[in-house]
Amino acid sequence: LDSLFCRSRTKLPGAILGIDLFRFLKLRLGSVVTLTTVKRVDGKLQPVDGSFEVVGTYSAGFSDVDRHVAFVGLETLQSLLGDTVYTGASIAVADWEAVDAAKDALERRLRAHAEDTMVLSWKDNNRNLLTSVRMERWLISMIIFFMMFLAGVVLLVILLMLVTENVKDLGILKAVGETTT
């Protein structure tokens, strides 16, 4: 995977930026950017900067991710951060519906090596978003149900009004001698 980040035309390491960040900064492939992260030194967080050449873009489908996350090679990150302990890694699964099974399997394997390991899926990280979407779906369903109920009531009222208005006309026609056939 590090070879993906080595496509740079300059001697700088390559970075892949989210498409929203790439567009917001009006960058081009080959542009040089300074990325900032933090590392822990003596228990305190200190900023660390590195210059990178933009070698590609990605779209995760979430503008928050596409705006704030950049990918660089692992060797480059290790040289930038030094002996910092890594607290996270991201992996992708081919089938998004199998994310819970993949999370459980990964957690079992990691817990065999470290007890305090925690694995979070995109569902865990976006719990509030998913709850909001679920509530929106329920609310939209209720609104559609209410609209259909209201449309049915309006149709019923229209038909009842037609019948009650025509009762007088039918009575007049019967009085004149019209038959029911």
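1. Let me start with a cut-off: a residue counts as exposed when its relative accessible area is over 50%, as buried when that area is under 20%, and as partly exposed in between. Lysine 26 has a relative accessible area of 73%, so it is exposed. Keep in mind throughout that this is a predicted model.

2. Staying with lysine 26, its backbone deserves a look. Its phi is near 55°, a positive value in a residue other than glycine. As for where it sits, lysine 26 belongs to the loop between α1 (19-24) and β2 (32-41).

3. Now the overall layout. The protein chain has 6 helices and 4 strands. Going along the sequence, they come in the pattern β-α-β-β-α-β-α-α-α-α.

4. On to overall dimensions. The radius of gyration of the protein chain is 32 Å, whereas a compact globule of 181 residues would have one near 16 Å. Along the principal axes, the C-alpha trace spans about 105 × 45 × 30 Å.

5. Burial and surface go together here. Of the 181 residues, 19% count as buried. The chain exposes about 14,600 Å², and 61% of that is supplied by carbon and sulfur atoms.

6. What about contacts along the sequence? Take the contacts in the protein chain with a separation of 6 or more: residues 24 or more positions apart account for 52% of them.

7. How many aromatic pairs does a search of the whole structure find? The count is 1. The partners are tyrosine 58 and phenylalanine 71, with ring centres 5.1 Å apart and planes at 65°, so this pair is edge-to-face. It links distant parts of the chain, as tyrosine 58 is in strand β3 (residues 44-58) and phenylalanine 71 is in strand β4 (residues 70-72), 13 residues apart.

8. Tyrosine 58 has a relative accessible area of 16%, so it is buried. Phenylalanine 71 comes out at 37% relative accessibility and therefore counts as partly exposed.

9. Is glutamate 107 buried or exposed? With a relative accessible area of 17%, glutamate 107 is buried. This residue is part of helix α4 (residues 99-111). If you leave out residues up to four places away in sequence, glutamate 107 touches Thr117, Met118 and Val119.

10. You'll find it in helix α3 (residues 74-81). Its relative accessible area is 26%, so leucine 77 is partly exposed.

11. Last one: alanine 151, which lies in helix α6 (residues 127-176). At 40% relative accessibility, alanine 151 is classed as partly exposed. Which distance separates alanine 151 from alanine 114 in space, C-alpha to C-alpha? The two are 61 Å apart in space and 37 residues apart in sequence.

Note on methods:
Residues are numbered from 1 along each chain as its sequence is written. This is a predicted model: local features need pLDDT of at least 70, side-chain atom pairs count only at pLDDT 80 or more; totals for chains, interfaces and linings use all residues. Side-chain values use heavy atoms; hydrogens and water are left out. Helices (H or I, at least four residues) and strands (E, at least two) are DSSP runs, numbered from the N terminus. Buried means under 20% relative accessible area, exposed over 50%, partly exposed in between (1.4 Å probe, protein chains only). Rings of Phe, Tyr and Trp (its six-membered ring) pair if their centres lie within 6.5 Å; planes under 30 degrees apart count as stacked, over 60 as edge-to-face and the rest as tilted. Contact means heavy atoms within 4.5 Å. The radius of gyration is taken over C-alpha atoms; the globule rule is 2.2 Å times the number of residues to the power 0.38. Accessible areas come from the Shrake-Rupley method with a 1.4 Å probe; for residues, only the protein chains shown count as cover.
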